[in-house]
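Trainee: I've got a structure open and I'd like to talk it through with you. Can we put it up and go piece by piece?

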Amino acid sequence: MIEARAVVVGVADGQARVRVIDRQEGCGRCDEPGGCRSVKLAYAVKPPVSEFSLPDTLGVSVGEEVALRLHDGASLRGALVSYGIGAVALIVGGGLGQLLGGSDGWAVAGALIGLLVAFVFNRLLHRSRRWRGALRVEMSRPGAVCAHDFGEA
């Protein structure tokens, strides 16, 4: 399980609004010689989201510290599906455009159509309850042990 600490900043209508208090650093080599500084560059473009809502399954109160858990492999699975769909659609669309049109212009048009199809598919996938359930973040009390930690899930 991937785990981060958070504090509850609001509770309403069965939802808990939490703020992540663990600092997101990347590999930690940003300021070392040879460090890529990619996290600092990414944060300059778009700061990380540190507050979001989760179902309040624990009956938490404002100010309480909680642990947020994500199953191992969930983030990798999400990235592979999201980026993989785009890459495959780009290549297939470009190939079909070249095959049907016979020129590079048609290949580019087919690739762009493939990316558009991938974009729409990813948006629909994001709305799927089953897919979101596979990427679900769980809230628990700090130090709580779950059955998954022992391979019982």
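Predicted model: local features only at pLDDT ≥ 70, side-chain atom pairs only at ≥ 80, totals over all residues.

Trainee: How many bridges join strand 1 to strand 2?
Mentor: Strand 1 covers residues 2-12 and strand 2 covers residues 15-20, and the two run antiparallel. In that pairing, V7 stands opposite R19 of strand 2. As for the bridges joining the two strands, there are 6.

Trainee: Now helix 3: how far does it reach from its first C-alpha to its last?
Mentor: Helix 3 spans residues 104-127, which is 24 residues. At 1.5 Å a residue you'd expect 34 Å, and the model comes close to that. The computed reach is 35 Å.

Trainee: Is L112 buried or exposed?
Mentor: L112 is found in helix 3. The buried residues of that helix are A107, G110, A111, G114, A118, N122 and L125. The cut-off for exposed is over 50% relative accessible area. L112 has 55% relative accessibility, so it counts as exposed.

Trainee: And how far apart in space are L112 and G97?
Mentor: In sequence, L112 and G97 are 15 residues apart. Going C-alpha to C-alpha, the distance in space is 9.7 Å.

How values were computed:
Residues numbered from 1 in each chain as written. Heavy atoms only, no water. Pairing = 2+ DSSP bridges. Helix = DSSP H or I, 4+ residues; strand = E, 2+ residues; numbered from the N terminus. Expected span 1.5 Å × (residues − 1). Buried < 20%, exposed > 50% of the residue type's maximum accessible area, 1.4 Å probe, protein only.
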